[in-house]
Amino acid sequence: MARNALLSLTLALAAAAAGAQTPAAPAPERAAQLVRMVRQDCGSCHGMRLTGGLGPALTRQALVAKPPEYLAAVIIHGIPGTPMPPWSALLSGTEALWIAQQLASGFPEEMRSQAP
């Protein structure tokens, strides 16, 4: 039943995205926060290099058959009955879609500030 709900949500998001423009990239500071969040928080289950662990790999090769809209729905709503939590309390739908698009194209490394 949960899979059917997720599938329905995914199809609705895909239909909406088909008529929408690619979302604008977040501001540079927020983009850096999102990259850090994915590398640290998502990496704790999906592997620090996003190559898999408790959760599946999130590499470009592993996600080739998954549309960004599907990935965004998983990020926002989680997957009931699995360790994948919903991130809707911390992310907007636009940010989740941006993350999904970044994952699909090869997620960027975290920018580390250099101490003076």
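## Helices and overall layout

Helices (H or I, at least four residues) and strands (E, at least two) are DSSP runs, numbered from the N terminus. By that rule the protein chain has four helices and zero strands, and along the sequence it reads α-α-α-α. Helix α3 is followed by Gly 78, whose phi is positive, near 70°.

This is a predicted model, in which local features need pLDDT of at least 70 and side-chain atom pairs count only at pLDDT 80 or more, while totals for chains, interfaces and linings use all residues. Residues are numbered from 1 along each chain as its sequence is written, and side-chain values use heavy atoms, with hydrogens and water left out.

The protein chain has 116 residues, and 33% of them count as buried (buried means under 20% relative accessible area, exposed over 50%, and partly exposed in between, with a 1.4 Å probe and protein chains only).

Helix α3 (68-77) has seven buried residues out of 10, so it is largely enclosed by the rest of the structure. The buried residues of α3 are Glu 69, Leu 71, Ala 72, Ala 73, Val 74, Ile 75 and Ile 76.

## The largest pocket

The largest pocket holds about 550 Å³ of space. A pocket is an open set of points on a 1 Å grid over the protein atoms alone, where a 1.4 Å probe fits and protein lies on both sides within 12 Å along at least five of seven lines; lining residues have an atom within 4 Å of a point. The volume is the space filled by probe spheres set on the points, which are joined across faces, edges and corners.

The lining of the largest pocket has 28 residues, and those closest to the pocket centre are His 46, Pro 56, Leu 58, Val 74 and Met 84. Two or more lining residues come from each of α2 (28-46), α3 (68-77) and α4 (93-105). Helix α2 gives the largest share, seven residues. By class, the lining has 22 nonpolar, four polar and two charged residues (Ala, Val, Leu, Ile, Met, Phe, Trp, Tyr, Cys and Pro count as nonpolar, Asp, Glu, Lys and Arg as charged, and the others, Gly among them, as polar).

## His 46

His 46 lies in helix α2 and counts as buried, at 10% relative accessibility. A polar atom of the His 46 side chain is 2.7 Å from the backbone oxygen of Pro 56. Leaving out residues up to four places away in sequence, His 46 touches Thr 51, Gly 52, Gly 53, Gly 55, Pro 56, Leu 58 and Met 84.

The model has three salt bridges, each a side-chain nitrogen of Lys or Arg within 4 Å of a carboxyl oxygen of Asp or Glu. One of them joins Arg 30 and Glu 95, with the closest N and O atoms 2.7 Å apart. Arg 30 counts as partly exposed, at 26% relative accessibility, whereas Glu 95 counts as buried, at 16%.

Ala 24 and Glu 95 are 71 residues apart in sequence, and their C-alpha atoms are 9.3 Å apart in space. Ala 24 belongs to the loop between α1 (2-18) and α2. With 61% relative accessibility, Ala 24 counts as exposed.

Arg 39 and Glu 109 form another salt bridge, with the closest N and O atoms 3.4 Å apart. Arg 39 lies in helix α2 and Glu 109 in the segment after α4, so the pair connects parts that are 70 residues apart in sequence. Arg 39 is buried, with a relative accessible area of 8%, and Glu 109 is partly exposed, with 44%.

The side chain of Glu 109 also meets that of Arg 49 in a salt bridge, at 3.2 Å from N to O. This pair links distant parts of the chain, 60 residues apart: Arg 49 is in the loop between α2 and α3, and Glu 109 in the segment after α4. Arg 49 counts as exposed, at 55% relative accessibility. Through shared partners, salt bridges join Arg 39, Arg 49 and Glu 109 into one network.

Definitions and conventions
A polar contact is a pair of N or O atoms within 3.5 Å; within protein, one must be able to donate a hydrogen and the other to accept it, and residues adjacent in sequence count only if both atoms are side-chain atoms. Contact means heavy atoms within 4.5 Å.
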